[in-house]
Amino acid sequence: MATTLWIGTRKGAFALRPDARGRNWRLSGPQFLGHIIHHIVQDPREPRVLLMAAKTGHLGPTVYRSSDRGRTWREAAQPPAFRKAAEGEEAHGVERVFWLTPGHPGERGTWYVGTSPAGLFRSEDGGKRWDPVAGFNDHPMRAQWSAFGTPDGAFLHSICVDPRDPRHLYMAISVGGVFESTDGGADWAPLNEGCAADFMPDPNAPFGHDPHCLALHPLAPDRLYQQNHCGLYRLDRPGRRWVRIGEAMPKKIGDIGFPIVLHPSDPDTAWVLPMDGRTVWPRTSIGGKPAAYRTSDGGRSWRRLDKGLPEGQAWLTVLRQAMCSDDREPRVGVYFGTTGGEVWAGARGGERWRCIARHLPEIYSVTHAT
Amino acid sequence: MSCTVHIPSPLRSYTAGAGSVGAEGATLGEVLTSLEQRFGGIRFRMIDEQDRIRPHIRLYVNLQEAPTLTQRVHDGDTIHIICALSGG
């Protein structure tokens with residue numbers, strides 16, 4: 001099966017494809033030059049279909065859809081938009097379509113979108129028309145759950161669908177926390193017990209946390225991993241208390257970062273890319289020496305993977321959607337893109353890294369497609 | 001009312017490259033609805049779901065900036081859509 005890496009950047013979309021021997025990667029694009037591309041995601045139920053979350057600096061946000069593996073794109077007929085506010089009600093407008101998640105495997109054509117300000121939207125026709133998920137967007141606690149935000153507003157992201165039950169959903173808000181719905185999004189409840197929120201006055205607050213990236217393993221859907229602003233966590237349901245698996249990381253490295261990436265078939269294997277979260281939050285590779293870390297035992301131990309990466313003076317930042325794995329078993333590849341416009345490929349699970357593209361615009365997302 | 005609408009380059013993907021198009025309406029809001037009917041998707045890029053003009057968009061009727069979509073439009077008026085490009 002051919003591999004494509006879709007690269008979403010601040011200035012457009014690009015694709016990277018390897019040659020037959022997998023040694024050299026060919027860059028194509030840009031598509032939508034000048035557009036801000038937050039996410040490009042393939043539909044695993046219909047692999048010819050891809051969705052792209054886009055906007056430009058001055059025009060409103062939208063979603064593009066391809067039904068020919070990214071050769072041509074068509075704009076959604078009804079992009080994600082909040083309902084019209086009633087008289088005297090606070091009026092919300094979608095500023096960014098930030099996150100795309102395909103729906104349940106049995107619900108062909110269903111997709112979810114997360115936006116800034118924090119909003120959840122659903123499409124049932126493959127991404128052509130989007131409707132608000134009122135159970136979250138009109139939830140009486142929504143304003144409190146997403147009160148803090150980031151400098152670019154509060155983002156709703158990391159929407160996860162339980163493969164056993166399409167009504168069982170998780171999502172995350174930066175800043176706000178992790179939330180769960182067991183009724184298809186009609187109601188939501190915080191799920192943050194055990195997570196640190198060092199910036200909050202109440203260390204046991206039920207929400208207000210900053211999950212950077214949440215991931216559910218499709219083959220072990222009771223297993224959740226989370227890279228949080230305040231550490232690296234794992235939760236095994238039906239438990240409700242997150243365990244800080246980042247405690248097993250080397251102390252001089254810490255457990256702060258943005259992405260967490262899961263192995264396609266081994267729920268005990270995951271990769272992270274630690275960044276400097278001290279003082280004013282540089283969010284760069286620690287000491288200027290970039291490295292990924294991999295666990296193969298569910299977070300009990302971590303192994304440094306830096307062969308081929310720069311040995312010093314490399315101050316990389318990798319955003320939450322900018323790291324992924326492929327499905328080339330048993331030698332799964334791992335990839336990340338930097339805000340400096342480089343894409344790195346880690347062969348054999350990150351054992352050896354190689355820069356496969358450079359000089360791109362600021363990279364927001366790296367996703368794998370077949 | 002018939003008017004002429006000047007389309008900025010970032011929105012010409014909707015008008016097949018046309019830099020100006022004719023439209024109908026007695027208010028700016030009606031003119032934009034008329035544009036939307038012909039060029040599906042163009043309105044939401046300029047106007048949000050609460051009918052607010054987006055922060056980096058300006059609309060002018062006969063060289064006067066229109067603060068809201070209720071601005072009256074008369075036969076023969078000229079409307080300019082301006083995208084306030086800035087930043088790197």
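Because the model is predicted, local features need pLDDT of at least 70 and side-chain atom pairs count only at pLDDT 80 or more, while totals for chains, interfaces and linings use all residues. Residues are numbered from 1 along each chain as its sequence is written, and chains are lettered from A and ligands numbered from 1 in the order in which they are written.

**Chain A overall**

- Chain A carries three helices and 27 strands (both are DSSP runs numbered from the N terminus: helices are H or I with at least four residues, strands are E with at least two).
- The radius of gyration of chain A comes out at 19 Å, close to the 21 Å that the globule rule gives for 370 residues, so chain A is as compact as a globular protein of that length (the radius is taken over C-alpha atoms, and the rule is 2.2 Å times the number of residues to the power 0.38).
- Along the principal axes, the C-alpha atoms of chain A fill a box of roughly 60 × 50 × 40 Å.
- Of the 370 residues in chain A, 51% are buried (a residue is buried if 20 or more other C-beta atoms lie within 10 Å of its own, exposed if 12 or fewer, and partly exposed in between, with C-beta atoms placed from the backbone).
- Looking at contacts in chain A with a separation of 6 or more, 48% are between residues 24 or more positions apart (a contact means that the C-beta atoms, placed from the backbone, lie within 7 Å).

**Where the chains meet**

- Chain B puts 16 residues into the contact and chain A puts in 14 residues.
- On the chain B side, the residues touching chain A split into six nonpolar, five polar and five charged (Ala, Val, Leu, Ile, Met, Phe, Trp, Tyr, Cys and Pro count as nonpolar, Asp, Glu, Lys and Arg as charged, and the others, Gly among them, as polar).

**Strand pairing in chain A**

- Four strands of chain A make an open sheet in the order E19-E20-E21-E22, with antiparallel pairing (two strands pair if DSSP finds at least two bridges between them).
- Strands E19 (260-262) and E22 (303-305) of chain A stand at the edges with a single partner strand each, so one side of each has no neighbour in the sheet.
- From one strand to the next, the twist averages 25 degrees (axes are lines fitted to C-alpha atoms, for helices over the stretch in contact, and angles run from 0 to 180 degrees between N-to-C directions).
- E19(A) pairs with E20(A) (residues 270-272) in the antiparallel sense over three bridges, and A:Val261 sits opposite A:Trp271 in E20(A).
- Elsewhere, E27(A) (residues 363-369) is mostly covered, with seven of its seven residues buried.
- E27(A) pairs with E1(A) (residues 4-9) in the antiparallel sense over six bridges, where A:Thr4 has A:Ala369 as its bridge partner.

- In helix H1(B) (residues 28-38), the buried residues are B:Leu28, B:Val31, B:Leu32 and B:Leu35.
- These four cover an arc of only 95 degrees around the axis, which puts them on the same side of H1(B) (the arc is that of the directions from the helix axis to the C-beta atoms).
- The buried residues of H1(B) pack against E1 (2-6), E2 (20-24), H2 (42-46), E3 (57-61) and E5 (78-83) of chain B.
- E5(B) pairs with E1(B) in the parallel sense over three bridges, with B:Thr4 opposite B:Thr78.
- E5(B) also pairs with E3(B), in the antiparallel sense over five bridges, and here B:Ile57 has B:Cys83 as its bridge partner.

**Backbone spots to look at**

- The peptide bond from A:Ser174 to A:Val175 is cis, with omega near 5 degrees, and A:Val175 is in the loop between E13 (169-174) and E14 (177-181) of chain A.
- Another cis peptide bond joins A:Glu329 and A:Pro330, with omega about -5 degrees; A:Pro330 is in the loop between E23 (323-325) and E24 (334-337) of chain A.
- A:Arg69 isn't a glycine, yet its phi is positive at about 60 degrees; with 16 C-beta neighbours inside 10 Å, A:Arg69 counts as partly exposed.
- B:Asn62 has a positive phi too, near 50 degrees, and is found in the loop between E3 and E4 (64-65) of chain B.

Key. Two residues are in contact if their C-beta atoms, placed from the backbone, lie within 7 Å.
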